[in-house]
Amino acid sequence: IRRALPPFPTFVDVPGPCDPEDLIDGIIFAATYLGCTHLLSERTPTKSARMQQAQEAMSRVRAAQKQAKNRKKSPDSESPSTAEVDLFMSTQRIKVLNADTQEALMDLPLRTISYIADIGNMVVLMARGKMVRSHSAQENLDQTSEQTDMNHDDRRMYRMICHVFESEDVSYWLF
């Protein structure tokens, strides 16, 4: 007796912001680099934990900008230093280029990128750094952060370098 197999959907090619062929060569997006901060993270946190870390990084960078702006309060003061950059993204790496000179400011192999979060018109690019042995290292990174109730001393923690960008092209980043 032959059973009828359930019909499987056929492959539908849905156009996205980036074609796969373009990603091999690389795509450039315009952005403003706002700054970076360091956080500690477990090796494989949940997606919601990563998003919370991205929001924390964004808050820290914004707070640092606000402090810098308050320190420079004078009639001819400039806003905190930000940089107009071009982000080159490919299947191999992400490069941050000076928008005027195209000089590479950062070159991050894709395998080091842990998470890319888009929050409104902000993007947080999280790159895994070195492993640290205890939660006390986070205290050295940020003296003002609140301590959590969990004891992380027995877990392997990784230092995450969180780069924060602002871009009108955010919706095209997540390829």
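**Charged and aromatic side-chain contacts**

Glu-56 has a relative accessibility of 33% and therefore counts as partly exposed. The model that contains this residue is a predicted one. In it, the count of salt bridges comes to two, and the count of aromatic pairs comes to one. A charged side chain is also placed over an aromatic face, with Arg-128 lying over Tyr-158.

- Glu-56 is joined to Arg-60 by a salt bridge in which the closest N and O atoms are 2.9 Å apart.
- Both residues belong to helix H2, which covers residues 47–71, and because they are four residues apart there, about one helical turn separates them.
- Arg-60 has a relative accessibility of 15% and so counts as buried, since the limit for that class is under 20%.

- Arg-93 and Asp-107 form a salt bridge, with 2.6 Å between the closest N and O atoms.
- Arg-93 is located in strand E3 (residues 93–98) and Asp-107 in strand E4 (residues 104–109), so this pair ties together parts that are 14 residues apart in sequence.
- Arg-93 has a relative accessible area of 26%, which makes this residue partly exposed.
- Asp-107 is likewise partly exposed, and its relative accessible area is 38%.

**Aromatic contacts**

- Arg-128 lies over the face of Tyr-158, and its distance from the ring centre is 5.6 Å.

Notes
Residues are numbered from 1 along each chain as its sequence is written. This is a predicted model: local features need pLDDT of at least 70, side-chain atom pairs count only at pLDDT 80 or more; totals for chains, interfaces and linings use all residues. Side-chain values use heavy atoms; hydrogens and water are left out. A salt bridge is a side-chain nitrogen of Lys or Arg within 4 Å of a carboxyl oxygen of Asp or Glu. Helices (H or I, at least four residues) and strands (E, at least two) are DSSP runs, numbered from the N terminus. Buried means under 20% relative accessible area, exposed over 50%, partly exposed in between (1.4 Å probe, protein chains only). Rings of Phe, Tyr and Trp (its six-membered ring) pair if their centres lie within 6.5 Å; planes under 30 degrees apart count as stacked, over 60 as edge-to-face and the rest as tilted. A charge sits over a ring if NZ of Lys or CZ of Arg is within 6 Å of the ring centre and within 35 degrees of the ring normal.
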